[in-house]
Each structure stands twice: as structure tokens, then as C-alpha cells.
Amino acid sequence: MSETNGSPEIKKDEPRIGVYVCHCGTNIAGYLDVNKVAEGAGALPNVVVSRDYKYMCSSMGQELIENDIKEFGLNRVVVSACSPTLHEKTFRAACSRAGMNQYQFQMANIREHCSWVTKDYAKATEKAMRIVSAATHRVARNRALEERKVTIKPATLVIGGGIAGIEAALTIANAGKKVYLLEREPSIGGRMAYFDKTFPTLDCAACILTPKMSEAANHPNIELLAYCELEELSGYLGNFKAKIRKKARYIDEDLCVGCGNCWEVCPQWRSSEAVKKRKAGVKVFHHEATISPMGSCYIPTLQAVPKLPVIEKDTCIHFKTGKCNKCLEACTLGAVNFDQQDTYRDIEVGTIIVATGTKVFDAARVKELGWGRLPNVITSQEFEILCNASGPTGGQILMENGEPPKSVAILHCVGSRDENYNVHCSRVCCMYSLKIAHLVREKLDADVFEFYIDMRTPGKGFEEFYHRVMDEGVIMIRGRGAAVSDVPFTPEEEGKLMVEAEDTLLGMRRRVPVDMVILAVGLEPQEDAMDLGRMLGVSCGMSGFFIERHPKLAPAMTMAEGIFLAGTCQGPKDIPDSVAQAGAAAGQALALMDQGEVSVEGFFAEVAEDACSGCRTCVPLCPYRAIDFITDKNVARVNPALCQACGTCVAACPSSAITGQGYSDDQLVAELDGALLPLSDLFEEPEPVGAPGGGV
Amino acid sequence: MNEGEYTWYPGCSLLGNAKSYDTTTRQVFELLGLSLKELDDWNCCGTAAYSGMPLKRAIALSGRNLALAGNIGKDMATACPACYKVLLTAQNYMSENKLLKEEVCAVLREAGVEYTNGVPVRHILDILVNDVGEQKIKAAVKNPLKDLQVACYYGCQIVRPYALFDDREDPQTMDRLLKWCGATSVPFSLKTRCCGAMLMSTETDVAVELSYQILETARRAGADCVATACPLCLMNLDGYQDRMPQVRGRMHMPVVYFTQLLAYAFGIPVNKLELERNLEPVDDLIAKLEGGAVNV
Ligand code: SF4
Ligand code: SF4
């Protein structure tokens with residue numbers, strides 16, 4: 001090492017590489033020989049300095065790189081540590097600070113790809129060496145690139161109008177940016193609109209939600225797209241283009257005042273006996289709740305926003321026979337319009353927030369619990385409606401025969417924590433079950449039994465609420481409800497529902513006869529989450545929920561730039577957590593939009609014009625329409641501002657005239673060469689003791 | 001596979017307490033024009049008891065049957081759910097565990113049997129619904145089971161752990177077969193609930209309770225009889241009705257093999273169905289069947 005301080009004499013483009021092997025505490029150093037890897041790297045071509053260090057991402061680690069760049073005149077750096085998704089940006093920034101071009105930095109992942117997955121110490125060391133060698137060979141060919149700027153449209157598309165979507169929309173709108181709030185149901189409000197009370201504070205769900213719903217609807221910066229579907233999405237960060245389908249309501253929005261004349265007369269109420277008995281109160285319910293007596297012409301709730309009914313084509317008599325027309329006749333304003341068609345429009349936004357929520361578990365799948373088969377076995381969702389003051393019974397808890405139950409069992413974990421259905425914990429069910437228990441005790445003089453596996457109450461005020469409910473005399477049985485039977489063993493059991501469970505505290509089987517059984521159904525990803533994910537470029541995890549960029553550090557971001565997550569579409573959570581995440585997503589979207597433009601990766605495709613044959617193969621293939629054809633020169637040219645570096649054209653060009661910057665053939669071939677180097681080249685043979693000379 | 005030809009593995013129960021199952025299965029197959037040739041020199045499958053033995057021994061026992069049937073090359077049909085399950089399990093172990101397979105093959109070789117690749121093990125419900133099918137069954141019906149309300153009870157082993165031809169929680173094959181014969185299958189939620197099985201001899205109270213649930217559910221659903229595919233289920237459900245709770249009076253529920261009903265529908269006279277082997281009187285059922293036949 002002749003070059004030391006001051007100004008080393010180096011040829012300008014000669015690669016001078018520094019290699020840094022991170023211990024990551026014991027995450028890497030505990031599973032492979034970091035010393036040996038660093039030493040081996042020192043012997044690779046063009047490597048000027050190689051070191052190992054405990055925590056490369058710490059400020060000391062970063063300074064180490066910066067100092068070396070200055071001291072040794074490094075123009076290439078390899079950090080061999082964790083996944084690039086975690087710290088590539090960190091190290092690139094360090095390199096930039098020291099005056100190096102950040103694209104001449106290369107990350108070598110020896111943690112996720114090596115130490116965490118390779119058990120054998122020697123093998124892991126060898127593999128790490130190969131990974132480092134590959135990166136070192138590649139980085140020598142990394143060219144200096146420039147970041148590009150893209151402008152960000154100051155508008156957001158919020159997909160999903162539940163509490164998370166509403167919160168995100170309001171935050172952004174209040175900051176002065178335009179928001180499109182898209183909801184596929186006829187009304188915004190989501191699942192929360194059907195709750196009676198919320199835990200643990202027991203405040204009325206409608207009272208806290210409905211003001212937000214109307215605020216969103218009336219906000220000058222929010223455009224409500226209710227009863228609309230996202231059909232297509234194109235574009236990229238800052239410049240998304242969405243095709244929206246507005247579904248025909250068969251109601252003229254400009255004429256309708258939401259008076260209710262039409263839905264009152266629709267003869268299509270689902271006509272089970274139970275429904276008829278419960279019809280006394282308000283008639284209108286959500287279609288997911290089976291006790292809902294819903295007509296073909298209906299409004300989801302009386303607090304619906306927008307307050308417009310919708311006619312369901314599939315069940316409406318008019319669309320089948322051309323007759324009926326009761327609603328048409330009942331509407332004095334002439335707002336019913338059977339000829340309405342779906343309409344389409346395009347909108348352009350800079351950022352997207354996904355808040356599509358969940359669906360509840362279908363209790364019919366657990367046949368042994370009897371939902372849909374045994375009367376008075378209902379889901380928690382149905383209980384919410386039953387208990388709701390604007391529900392069919394006006395908030396009275398009644399059985400199908402119109403009598404109040406004298407005993408109620410609540411079964412936790414239905415469809416959750418169960419290998420047959422969902423392995424995940426739905427997180428909200430323990431708490432809402434306690435809330436249900438409280439509501440039953442409050443309204444009725446009934447015995448309440450809770451069958452639980454574990455009581456999970458990790459939240460502010462949650463454990464306290466659990467104690468309160470226990471004090472109210474609710475009987476807790478630690479054992480999963482295994483079956484509900486209507487077959488009595490004794491005359492006393494006649495007419496009852498028997499809940500069977502193994503009481504794991506008493507170590508015995510229990511059989512508890514009750515009048516009503518409430519199934520605490522879990523949360524599942526929406527059925528079409530995968531389809532939406534494909535459209536957005538956001539993937540779903542094992543349990544089907546959308547994957548965040550980082551489980552701890554970026555829970556509201558996705559891998560797709562400019563697209564954020566809020567609420568239960570990312571995983572089960574309660575209202576406070578959904579709202580908090582919505583705020584985070586909105587804040588991050590705002591931060592992007594406020595900048596007006598952001599820099600994006602310097603990678604893009606480039607056409608070598610002398611090699612281009614003018615075949616035009618690439619032009620229609622580019623999904624971002626980034627390729628122009630220059631007719632007078634008869635060549636294709638990529639517009640770097642639009643190119644997203646997807647590589648489609650690179651692979652398609654029959655003349656191999658297109659290069660993906662940062663991913664050129666020579667870089668990839670060098671990477672392979674590095675990985676496949678003979679072992680003896682990677683590790684120097686140990687020097688015999690007493691031999692002259694020696695390594696660095 | 002030769003179409004319409006099967007190797008018959010009756011298993012021990014069908015030679016003893018479930019003789020009527022054997023007789024009526026053979027009758028049904030014959031009337032449908034299927035050949036059912038009993039496996040020569042078969043041995044006990046080992047059932048649940050022997051599964052507790054060291055793996056090699058248990059698998060070798062069933063492996064011998066699989067080897068013998070494999071050499072014939074026709075699908076092996078069985079009616080007893082325990083045999084079905086145990087043979088399938090052995091087959092699975094043999095195909096998934098190479099070491100075990102070698103050991104078992106060596107054992108069998110010593111006994112003069114060569115194990116090649118085993119043989120498809122089929123339950124007769126599977127064969128009747130999927131190989132024979134609706135058209136041929138309907139064509140064979142002479143005495144439609146008109147007005148007969150049946151609760152179809154499959155027991156736990158036909159669909160567990162291997163649900164190869166039917167749903168684990170809500171199987172349908174027996175329901176479909178009997179419907180094709182003109183019967184009504186009542187809505188019945190305990191189709192695959194355990195009857196108590198071997199517990200009947202050691203923990204009788206527990207088992208009686210389980211069997212009672214099944215029968216009481218069938219009774220409340222309006223069933224005239226329970227049809228089953230399992231000898232042990234039939235024994236438990238049929239034999240202990242006098243010891244069951246009497247919330248709605250004493251239980252009198254005829255429990256029959258589904259093949260007995262099929263055979264009857266295909267024209268076998270009632271006195272050839274061996275219904276007299278049942279412990280609980282079946283007079284009501286016979287009256288119902290014969291009454292139905294007269295009305296046709
Ligand atoms: S026309 Fe259709 S929506 Fe209108 S009242 Fe009749 S069934 Fe209901
Ligand atoms: S890499 Fe090619 S196909 Fe992809 S965006 Fe850029 S120009 Fe279009």
C-alpha cells in the first residue's frame with residue numbers, strides 16, 4: 001500500500017474497491033468467519049482495502065467507509081451485510097457524502113442469503129466469500145449514474161372508505177391536497193358503521209364515525225367515488241393513472257334526496273320467519289349480515305354517505321320480468337332510472353393509499369359450530385347489528401322466537417388460530433368478545449360464558465376492561481368451543497344449545513347449555529386482495545394480507561414507491577391502530593407530494609443507436625410508453641424520465657441494442673465470474689508456520 | 001386396470017359381525033355387472049390395535065395384502081373403513097419412506113411375497129359413485145326407496161386422514177347413491193362424527209353418549225333409519241340404544257349398511273338382506289320398505 005494520505009496518483013477509471021464485512025452483532029459473525037471473509041476479499045482483484053466491523057450501519061461504520069474513500073481514493077465500495085432493502089440507501093448515502101458516485105456502491109447480502117439460512121459454519125463462510133467475490137467483481141464494472149427527478153402530482157387516490165380510508169383522506173385533504181376517496185360499496189363507513197359500541201371505552205361507534213363520514217363527503221378537497229371500482233392502474237410514483245368504473249345505482253344521484261319512498265315499498269325483503277319477526281324496527285342492513293332483511297332497493301344504513309339507495313340488479317324483480325316497478329312509482333322525484341349504465345373515467349394522482357380492509361370469517365365453514373343450521377347461533381357481526389339501536393330489534397337482544405335469552409355463550413377464535421382455516425390471530429376478537437359480554441350483561445339478566453383459548457388484551461386500557469367484565473359476573477372458561485349441539489342428554493337440556501369444550505384449567509370436558517351462541521369470527525383478507533395487489537404491484541403474505549415494506553420501520557409503506565397501506569388490509573387491527581396507521585400513510589404520502597418532485601433511481605434503459613435496426617419491437621412493449629421512435633434516424637430512443645427500468649425492452653430487442661443501466665451484461669457476467677471463482681482463489685492457503693512473507 | 005373388475009379385500013369384520021355387509025356388497029356388485037374377486041390368502045390389516053406396534057411390523061402386515069393385490073393388478077376394493085384407512089396408510093408409508101420400504105420388502109421377501117408398487121386401494125362408495133355412476137345405478141333400481149328418509153352416516157375413517165374422494169366434513173357420496181335409489185337423505189350434521197369406536201368396551205359411558213348424539217340428531221331430522229358404511233359404527237349405534245338417554249323416549253333407530261338399502265333397491269328381497277342380524281328390531285323399517293314397494 002504505497003498510496004497513503006494526500007492525493008494518490010491513480011488512473012481515473014481504474015477501479016479501487018473497498019470491502020466491508022459486517023458482523024451484525026452475532027447475526028452474521030456467530031454463523032460464519034467474518035475475519036476470514038474480509039481477509040479473502042482483500043486478495044480479490046482491485047480491492048484496495050478490506051475490513052470487518054461489528055455494526056457497519058452505525059455512524060462509526062459509515063464514517064469508516066467515508067474516511068477510507070478519502071484516504072485510499074476509493075471509487076468503488078462493497079458492503080457485505082444484510083439485505084439491500086434494509087441498508088443499501090444508508091451506505092449509498094455514506095458514499096455520496098465522501099464524494100463517490102452512489103451507483104458504484106454494491107451491497108452483498110450475507111445475512112438473509114447466508115448466515116441466517118446456512119447452518120454449517122465452514123459452508124456459510126465459503127458461501128459468504130462467494131457472495132462477496134460476486135459483488136466485488138460486479139462493482140468494478142458499475143458505471144457512475146445520475147439520479148433522476150420525477151414530478152409528483154399533488155393528488156391521492158385512497159382505495160377503501162372505511163375508517164382508515166376516511167382518516168387518511170381527511171388528513172391529506174386538510175393539508176390542502178386533492179383526494180379521491182374510492183369505495184366499492186354504496187356507502188362509505190366500512191365495517192365500523194355496523195358496530196354498536198367500541199372497546200374498551202364503550203363509546204357509540206356511530207357517534208364517532210358518522211361526523212367523519214359527512215366531513216369527508218363535504219370536504220372541498222375530497223371527491224367521493226362511492227359505489228365505484230378500480231378497473232385499471234398504470235403509471236408510477238408521482239404519476240399514476242387510474243381507470244374508475246362507477247357502477248349503475250339505477251338511481252339518479254342528482255334527483256334523489258334519500259327520502260326512502262323507494263326502499264320502503266320494495267317487496268324483495270328476504271322472507272325468512274326470523275326476519276319477519278324482527279322487522280319491527282328499522283329494516284335496512286348490510287348484506288354480509290345474515291339477519292338483514294334487505295330488499296333489492298336498499299340503503300346500507302340510515303347514516304349512509306352518500307345518502308342514496310341502490311337497486312341490486314341480480315335480485316330486482318324489474319330486471320327479471322320488466323314488471324313490479326313499485327319503487328319507480330313510489331319515487332315522486334323521478335329518481336329511479338332502470339336504464340342507467342356503468343360509467344368510466346380516468347383520474348391522475350401522485351400517490352395511492354390502500355385501505356381496503358378485511359372480510360369477516362365465514363362461520364358456516366366450521367360446521368360443528370352450527371351457524372346457519374342451528375337457530376340462535378349467530379356471529380359477532382350479527383350481534384353488533386342486533387344490539388345496534390338502529391337495528392331490526394331497536395337494540396334489544398332477542399332470540400329468533402322474540403324472547404330475550406337467559407344465557408349466552410361467546411366462542412372465541414372462530415376461524416382464527418386454527419390450522420384448518422387461518423393460523424393467524426385476528427387480534428380484535430378477544431376484546432370485542434369482552435365488549436359483547438359486557439353489553440349482554442348490561443341489557444339482560446343473562447348468564448354469559450366466554451370460551452377462550454388465551455385472553456389476549458394487549459392494548460391501552462384493555463386488561464383493565466377484562467377485569468371489569470370479570471367483575472360484572474361473566475364466566476370465563478378457558479377452552480376452545482369445540483362443538484355446539486342441539487341434542488339433549490337430559491330433559492333440562494331440551495331446547496337449549498349445548499356448547500362443548502375442554503376446560504383446560506379444570507382438566508375436564510364441559511357441556512354448557514345456553515340459549516344463544518355468539519361466534520367471535522376472525523378477520524380475513526378480502527377475497528380479491530391478490531388481484532388488487534397484482535394491479536398495484538404490492539404482494540400478499542402467507543396469510544393473504546398486504547405486505548408492508550418493513551414490519552417495524554415502514555409499516556405503512558409498500559415495496560411499490562408512492563403506494564401506502566392503512567388499516568386491516570395490512571393485517572388484523574383495531575380501530576385505534578387502523579387510524580394511527582392511516583395517519584402515518586397520509587403523512588408519508590404528503591411528505592412526497594410536498595416535495596413536488598422526488599429523485600428516483602438512476603437506472604434506465606438506453607438504446608445504442610448504431611446497433612438499433614429500427615425494427616420497432618420494443619416500442620409497443622414498453623408498459624410506460626417510454627420509447628419513442630425517431631423516424632428520420634430510424635432508431636428507437638428511450639425517454640429516461642418515463643422509463644421505469646423494468647427491462648422488458650432489453651430482453652426483447654433482437655439486435656441486443658438496448659442496455660439496462662446498472663444491469664448491463666458485463667456487470668452480470670462479472671458477477672457470475674466472481675461467484676464461480678475457484679475456491680483456492682478465494683481463500684489463500686494458510687501460510688506454513690515460520691514461512692517468510694505474509695498477507696495484509 | 002381392467003374395467004369393472006376389482007380385487008375384493010373383505011377384512012375380518014365382514015366375515016364375522018358384518019357378514020351382511022359382505023353379502024350385500026357382493027350382491028350389489030353382481031347386479032351391476034362388476035366382478036369382485038376375493039384376494040387369495042389375504043390377512044388381517046392389523047386395524048387400529050396393530051398400528052400401535054413398531055412401524056415395520058404394522059406396515060408389513062398390510063404390505064403383504066398390498067403386495068398380493070399388486071401382483072393381480074386390479075384396484076383393490078374394500079368396504080370396511082378401518083381396512084381402507086390402514087391399507088392406505090401402509091401404502092403411503094411405503095411410497096414416502098424409502099428405508100422403511102426396503103426393510104418391509106425384505107421381510108415380505110422372506111415370507112415369499114414380492115412387493116412391487118402396491119395397488120390403488122378403493123372404498124366401495126368411491127367405486128359405486130365414480131366408476132359406476134348415476135346412470136347405471138339408476139338403471140339398476142327395481143324397488144325405489146320411495147318415502148324412505150335416511151340419515152347417511154360415514155363414520156370418521158373414510159374421509160380421515162385421507163379425503164381422497166369425498167369432503168372431510170360434509171361427505172356426499174352415500175347421500176348421492178341413496179338419492180339415486182329414490183330415498184331422501186335428511187339434513188344431518190354429524191356425518192363424520194366419532195361414534196365412540198373402541199371406547200365402547202372400555203369407556204362405555206363416553207361412547208354411548210357419542211353414539212346417542214348421532215342417533216338423536218338423526219331422529220330429530222326425521223330419519224327412518226341411519227345408513228352406515230362401517231361395521232364398528234353399526235355395532236355401536238345399533239347395540240347400545242337401550243342404554244342411551246331417554247329425553248324423547250327410548251331410542252329405536254334402525255341402523256343398516258348402505259349396501260343393504262342398495263341391494264333392496266336393486267330387487268333383492270327383504271329376507272335376503274340379513275337384517276335379522278341387527279340387535280335393535282327393524283320391523284318398522286321393513287314395513288316402510290315393503291309398504292313403499294307395494295305402492296310403486
Ligand atoms: S323494481 Fe326492483 S328495486 Fe324497485 S321495488 Fe321492485 S324489486 Fe325493488
Ligand atoms: S426498461 Fe424499456 S420497457 Fe421498461 S420502462 Fe424502460 S424503456 Fe420501457
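Tutor: A helix axis here is a line fitted to C-alpha atoms over the stretch in contact, and angles run from 0 to 180 degrees between N-to-C directions. Keep in mind that this is a predicted model.

Student: OK. At what angle do the axes of H3(B) and H4 of chain B cross?

Tutor: They cross at roughly 105°, and the two axes come within 9 Å. H4 covers residues 81-96 of chain B.

Student: What do you call that arrangement of H3(B) and H4(B)?

Tutor: Roughly perpendicular. Angles of 65 to 115 degrees count as that.

Student: Which residues in H3(B) meet H4(B)?

Tutor: From H3(B) they are B:Leu55, B:Ile59, B:Ser62, B:Asn65 and B:Leu66. On the H4(B) side they meet B:Val86, B:Leu87, B:Ala90, B:Gln91, B:Tyr93 and B:Met94.

Student: How many in that contact of H3(B) with H4(B) are nonpolar, polar or charged?

Tutor: Eight are nonpolar and three are polar, with no charged residues.

Student: And H5 of chain B, how does H3 pack with that?

Tutor: At an angle of about 65°, with the axes 9 Å apart. H3 is residues 55-72 and H5 is residues 98-110. That angle makes H3(B) roughly perpendicular to H5(B).

Student: Is the crossing of H3(B) and H5(B) left-handed or right-handed?

Tutor: H3(B) passes H5(B) in a right-handed crossing. By class, this contact has eight nonpolar, one polar and three charged residues. Residues of H3(B) taking part include B:Lys56 and B:Arg64, and those of H5(B) include B:Glu103.

Student: Switching topic. How many residues of chain A are in contact with chain B?

Tutor: 15 residues of chain A, against 14 of chain B. The two chains bury about 1,200 Å² between them, and 53% of that is on carbon and sulfur atoms.

Student: Which three residues supply more of chain A's buried area than any other three?

Tutor: A:Lys367, A:Val487 and A:Phe489, which supply 45% of the area that chain A buries against chain B.

Student: Now the ligands. Which residues are closest to ligand 1?

Tutor: A:Cys266, A:Cys297, A:Cys316, A:Cys324 and A:Cys327, out of 14 residues that surround it. Helix H10 (317-321) and helix H11 (326-330) of chain A each supply at least two residues of that shell. By class, the shell around ligand 1 has nine nonpolar, four polar and one charged.

Student: What about the classes around ligand 2?

Tutor: That shell has nine nonpolar, three polar and no charged residues. Among those surrounding ligand 2 are A:Cys622, A:Cys643, A:Cys646 and A:Cys649, along with A:Tyr624 and A:Gln644.

Definitions and conventions
Residues numbered from 1 in each chain as written. Chains lettered and ligands numbered in written order. Predicted model: local features only at pLDDT ≥ 70, side-chain atom pairs only at ≥ 80, totals over all residues. Heavy atoms only, no water. Helix = DSSP H or I, 4+ residues; strand = E, 2+ residues; numbered from the N terminus. Parallel < 35°, antiparallel > 145°, perpendicular 65-115°, else oblique. Left-handed = near helix turned anticlockwise from the far one by under 90°. Contact = heavy atoms within 4.5 Å. Nonpolar A, V, L, I, M, F, W, Y, C, P; charged D, E, K, R; others polar. Near = heavy atom within 4 Å. Buried area = accessible area lost by both parts, 1.4 Å probe.
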